[in-house]
Amino acid sequence: MGKPMTMTQKILADHAGLPYVEAGQLIEANLDLVLGNDITSPVAITEMGKMSRQEVFDKDKIALVMDHFVPNKDIKSAENCKCVRDFACKHEISNYFDVGEMGIEHALLPEKGLTVAGDVVIGADSHTCTYGALGAFSTGVGSTDMAAGMVTGRAWFKVPSAIKFNITGKPSKWVSGKDVILHIIGMIGVDGALYKSMEFTGDGIKNLSMDDRFTISNMAIEAGGKNGIFPVDELTEEYLKEHSIRPYKVYEADPDAVYDEEYTIDLSTLKPTVAFPHLPENTHTVDEISDPVKIDQAVIGSCTNGRIDDLRTAAEVLKGRHVKKGVRCIILPATQAIYLQAIEEGLVKTFIEAGAIVSTPTCGPCLGGHMGILASGEKCVSTTNRNFVGRMGAIDSEIYLASPAVAAASAVEGYICAPR
Amino acid sequence: MNAKGTAYKYGDNVDTDVIIPARYLAIQDRTELATHCMEDIDKDFVNKIKKGDIVVAGKNFGCGSSREHAPLVIKVSGVSCVIAETFARIFYRNAINIGLPIIECREASERIDDKDEVEIDFDSGMIYNRTKGEEYKGQPFPEFMQKIIKAEGLVNYINGQ
């Protein structure tokens, strides 16, 4: 018997060609996918230009997604996309996604079947940790790491230690993956998992949909985590078979694996939760809010909460109701497929009749790019992932992070509230 | 290798959105980009930083986005080193990869005040506070990272392999 490893450590060991790795060890691992977007790829392309090798390691294992300032918000964004487009063309990158095919990268790649269980993925975007929901090791890096990954197909990692989250119980009607991860970040803080894996386990996981799991893994970085990973169960395998033709590999943490800390989270005790400005750890349950927080805008979308489950929930709340006068409600399906499904299911009709607008997929408002910038003093309830100072616009604007259910209910009432 | 300069002090969780707001991320020219360094946390930053000065912060410096523009604008502004109690992991990687010296030291992060004169010896990991006459032991880099730093970044390191 070898020494015990966490799920993350097992994936890393296999990709480094080692029988065993331990926390703190520096390794070089083979990559299954290297990702970049329209903000980080131009920088990576410039860095790659300085390398002695000029070929990509595998044109099928690089994904370039134009999603942040797309459709181009200004001339500079247009030039950046052009730079990436030319690069993709020159190197015959198979997974280049431009307007018409693009979606928000972390919703798009799993949907296209480009990330599967057991993969090691790096992406020049901090929310690359999303694919942990599929049982993959995925983590955000910078543009230089992306450039090195594109050329060598390898990346260096310090093997992380881990925190174990034992998930039990079943969430109540209006509690979703967003409330779970906000609760966790509120509990451990924005650096509570710094440099570490967040490993989710327990019999409550079966009560979380794949979209819930994507949301939870997506925000591991908001607790400082290196990755946030779920075990592979029947639901995962169903998802993988529906979306991908690639073979996948199931890894399991050893029962005696060592964790730095362990927490138990009973889903049945969680309530709709909101992170107040200006850190995701400033969480309050909605029923704790004593002074009503009036809002000017509600955003429902992003790599965190722009999936079909999120839109269905928002539609359920908005059906037959109307967005409060004076509130702008902006809904962004994360991919073209989700957008189309939302049209076919009648969700888009519900949104428009309720006075919301529905946008083409883009990261836009989440990072203050376009499609919903806040003016001085404005407040926004948002299903996005960060509420830092000035993130969505003016430096004295405020962002309140919440689930699609809370954002939709708040849009109707004009102040932060949960559906009743 | 040494760094020496005036320290400018910031708090915990200085995020990449305040280091370089996303509204400027379409700018590719690094000198132009650097004119917005720390704009949303300290409007005066670009005016007061002299070449060699040192940024001192608390926990989780550089949290948030993976944008490499963040360590880059700090480097281009002339900052010779960032001292923090801890760094967010992507910022930590990026700083090493682009050759911005950083050092983790809780004591230095707590003891150094705004405008103290500070000197750092990267080989020993020692931090000297010339204003207060104190010294602090920083966390030295593992050997592998030292190689990347000595090559002045990941690109040169890979080219040299």
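**Cysteines first, then the sheet**

Guide: C37(B) counts as buried because its relative accessibility is 2% (buried is under 20% relative accessible area, exposed over 50%, partly exposed in between, with a 1.4 Å probe and protein chains only). Mind you, this is a predicted model, where local features need pLDDT of at least 70, side-chain atom pairs need 80 or more, and totals for chains, interfaces and linings use all residues. Residues count from 1 along each chain as its sequence is written, chains are lettered from A and ligands numbered from 1 in the order written, and side-chain values use heavy atoms, without hydrogens or water.

C37(B) has its closest cysteine sulfur in C81(B), 14 Å off, so that is too far for a bond. Over all chains there are 0 disulfides (cysteine sulfur pairs within 2.5 Å). C417(A) has none either, with the sulfur of C329(A) nearest at 12 Å; at 5% relative accessibility, C417(A) is buried too.

Now the sheet: it's open, with 4 strands ordered β10-β9-β8-β11 in chain A, paired parallel (strands are DSSP E runs of at least two residues, helices H or I runs of at least four, numbered from the N terminus; pairing takes at least two DSSP bridges). Its edges are β10 (227-229) and β11 (261-266) of chain A, each pairing on one side only. Inside, β8 (162-168) and β9 (197-201) of chain A share 5 parallel bridges, and N166(A) has T201(A) in β9(A) as its bridge partner.

Helix α1 (7-16) of chain A packs on this sheet, touching β9 and β10 of chain A, at about 110 degrees to β10(A) (contact is heavy atoms within 4.5 Å; axes are fitted to C-alpha atoms, for helices over the stretch in contact, with angles from 0 to 180 degrees between N-to-C directions).
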